[in-house]
Amino acid sequence: LTGLFLAKHYTPDNNTAFSSVAHITRDVNYGWILRNLHANGASFFFICLYLHIGRGLYYGSFVYTETWNIGVVLLLLVMATAFVGYVLPWGQMSFWGATVITNLLSAVPYVGTQSVRWMWGGFSVEYPTLTRFFAFHFILPFAVVAATALHALFLHETGSNNPTGLNSDADKISFHPYFSYKDLIGFLVLLTALVFLALFSPHLLGDPDNFAPAYPMVTPTHIKPEWYFLFAYAILRSIPNKLGGVLALLASILILMLVPFLHTSKQQGLTFRPIAQFLFWLLVADVAILTWIGGMPAEPPFIIIGQVASVLYFTLFLILNPLAGWFEN
């Protein structure tokens, strides 16, 4: 909703995009609050998504394979929407973030370089790139809504999970008022936190470099994406080979699709599995460390910490969790 109002005043042109965002913030009635809610709303959206994924991993919701895999596709769509949206203000970090991330496509053999030029609409990130990204940022939310509806449809086919992982058909309660009020309270708490952040500290999660207009002749000292991409960015940077880094970046998300097939325990959730609980919280700590490393310069000791954390990330999914399931059985 805030995006629709912002789109009325935004101009997707590399010469005027930055000044149009400044115009929205300074001159448009309540434009500042619209922009703050829009930018910080994206961060809160990812907070909710990551909490939802964590809950799914903890309580074994991934056993509903179709629902889970549509959820992973939904995550990828939201990430794509957020990335193209981050480029639109056309600040220094927006420009260089777009340049670095789109350049990753050039690592793909044979078609990589051509794909990058097609995405850019030329030989560098310029006016055609900005126009395309604005179009994608407008279209992708509709794909997100469609995927969300599909996700909910499959969820209603299988029914929701519960902490015990047992069939609850014999002891069900009505959605209203129990769950509807619980969801309403959760929504109000998050909305209050979002409004508080947008009013009192709107730039807490942003990057200072984005307050300067994009200038291709000056590269920022340390290029980094928004905080919600930092864990994947740290995994990308931890591999010296460009193609290897791109594959690891994709694998860091797509590995979630393998979770249902790597589930070896006879119990669905982790409620009664102490070893698996320890590994889950180790994964949470590891993702937090990767997020921190992604925001640090690519120099010692951050490089080695990132490499160790990246290896641990994949080891937890592919080896330790399946072994813990077998052992606990």
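Which element gives the most to the lining of the largest cavity? I opened my notes with that one, keeping in mind that this is a predicted model.

**Entry 1: the largest cavity**

I started by looking for cavities of 30 Å³ or more, and the structure holds four. The largest has a volume of about 240 Å³. I then looked up its lining: there are 16 residues, and the closest to the centre are L57, F62, V259, L270 and N321. My opening question is settled by α11, which gives the most, with four residues. I also sorted the lining of the largest cavity by class and got 11 nonpolar residues, four polar and one charged.

**Entry 2: the second largest cavity**

Next I went to the second largest cavity, where I noted about 70 Å³ of space. I wrote down its lining: A234, R237, S238, I293, A298, F302, I303 and G306. Here α9 (230-237) and α12 each supply at least two residues. Which element gives the most to this lining? It is α12, with three residues. By class, I have five nonpolar, two polar and one charged for the second largest cavity.

**Entry 3: aromatic pairs**

I moved on to rings and searched the whole structure, which turned up 20 aromatic pairs. I picked out F46 and Y228: their ring centres are 4.1 Å apart and their planes sit at 5°, so I logged the pair as stacked. F46 is in helix α3 (residues 31-59) and Y228 is in the loop between α8 (175-200) and α9, so this pair ties together parts that are 182 residues apart in sequence.

Are F46 and Y228 buried or exposed? Both are buried. For Y228 I have 4% relative accessibility, and the cut-off for buried is under 20%.

Y228 has another pairing in my notes, with F229: this one is edge-to-face, at 4.9 Å centre to centre and 80° between the planes. F229 is buried as well, with a relative accessible area of 13%.

I then checked which residues cluster with these rings. F46, Y50, W227, Y228, F229, F231, Y313, F314 and F317 form one aromatic cluster.

**Entry 4: what the record says**

Last, I looked at UniProt, where an unreviewed entry lists residues 165-329 as "domain: Cytochrome b/b6 C-terminal region profile". In the model, the end C-alpha atoms of residues 165-329 lie 15 Å apart. I noted 58% helix and 0% strand for that span.

Definitions and conventions. Residues numbered from 1 in each chain as written. Predicted model: local features only at pLDDT ≥ 70, side-chain atom pairs only at ≥ 80, totals over all residues. Heavy atoms only, no water. UniProt positions renumbered as here; feature names shortened; annotations may be inferred. 1 Å grid on protein atoms, 1.4 Å probe; cavity = no way out; pocket = protein on both sides within 12 Å on 5 of 7 lines; lining within 4 Å. Points joined across faces, edges and corners; volume = space filled by probe spheres on them. Nonpolar A, V, L, I, M, F, W, Y, C, P; charged D, E, K, R; others polar. Phe/Tyr/Trp six-rings, centres within 6.5 Å; stacked < 30°, edge-to-face > 60°. Buried < 20%, exposed > 50% of the residue type's maximum accessible area, 1.4 Å probe, protein only.
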